Amino acid sequence: MKFDIKNLHLHYGDFHALKGIDMQIPENKVTAFIGPSGCGKSTFLKTLNRMNDLVEGCKIDGTVLLDGKNVYGDIEVNELRRRVGMVFQKPNPFPMSIYDNIAYGPRTHGIKAKSKLMDEPTSALDPISTSKIEDLVWELKDKYTIIIVTHNMQQAARVSDKTAFFLLGEAVEFDDTQKIFSKPKDKRTEDYITGRFG
């Protein structure tokens with residue numbers, strides 16, 4: 001397993017955003033997180049590289065292991081973010097300048113030259129179609145463990161090996177994608193994927 005998550009709880013102040021998540025995310029597979037808006041998918045994803053460290057009043061309990069090491073104790077945060085990258089659907093900058101946001105990735109890999117920090121990282125920011133992204137996911141999964149958060153059920157069914165259905169801060173069901181979409185065990189999962197709510 002690439003990630004092993006045990007009894008994960010996350011609070012934003014008094015709000016209990018994630019409730020007892022237990023999940024093992026396999027290595028070199030594509031895992032999709034599905035569920036209605038506000039159900040905890042992105043919050044959970046952010047715990048995997050400690051993006052929630054930047055949120056005031058956030059409290060996390062439980063264990064998140066990456067290759068057997070606790071991401072909240074055994075791995076330095078910059079090393080973790082070198083190993084666990086994120087690409088967001090909408091811009092989600094760190095609370096720093098635009099320059100520092102763009103330069104963050106290259107800097108963590110030891111690049112210091114200003115020309116390389118600004119020119120090269122931004123030169124590849126051309127729009128990419130959904131189908132090209134899906135093709136890229138299939139190409140990368142032999143080398144990387146990939147997690148996608150999507151509201152598009154067809155996309156989740158097409159590109160993922162495993163799927164987790166989230167609802168109200170809980171991971172209701174986590175299984176092989178084929179099973180989730182053909183024979184879900186939980187009625188709430190079935191109701192969501194068939195469009196009864198969400």
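**A walk from the sheet to the core**

Let's start with an open sheet of four strands, ordered β2-β1-β4-β5 and paired antiparallel; strands here are DSSP runs of E of at least two residues, helices are runs of H or I of at least four, and both are numbered from the N terminus. Two strands pair if DSSP finds at least two bridges between them. This is a predicted model, in which local features need pLDDT of at least 70, side-chain atom pairs count only at pLDDT 80 or more, and totals for chains, interfaces and linings use all residues. Residues are numbered from 1 along each chain as its sequence is written, and side-chain values use heavy atoms, leaving out hydrogens and water.

At the sheet's edges, β2 and β5 (69–70) each pair on one side only. Eight bridges join the antiparallel strands β1 and β4, and I5 stands opposite V64 in β4.

I5 also leads us to the largest nonpolar core, of 23 residues, where I5, F33, F44 and L48 touch the most other members. Such a core is a set of buried Ala, Val, Leu, Ile, Met, Phe, Trp, Tyr and Cys residues joined through side-chain atoms within 4.5 Å, buried meaning under 20% relative accessible area (1.4 Å probe, protein chains only). Two or more residues each come from β1 (3–12), β2 (15–25), α1 (41–47), β4 (58–66) and β7 (162–167), with β2 giving the largest share, five.

How far can you trust this picture? The average pLDDT, the predictor's confidence in each residue from 0 to 100, is 86, and 80% of the residues score at least 70. Over residues 120–128 the pLDDT is below 50. Where pLDDT is low, the predicted coordinates should not be read in detail.

Definitions and conventions: Buried means under 20% relative accessible area, exposed over 50%, partly exposed in between (1.4 Å probe, protein chains only). Contact means heavy atoms within 4.5 Å.
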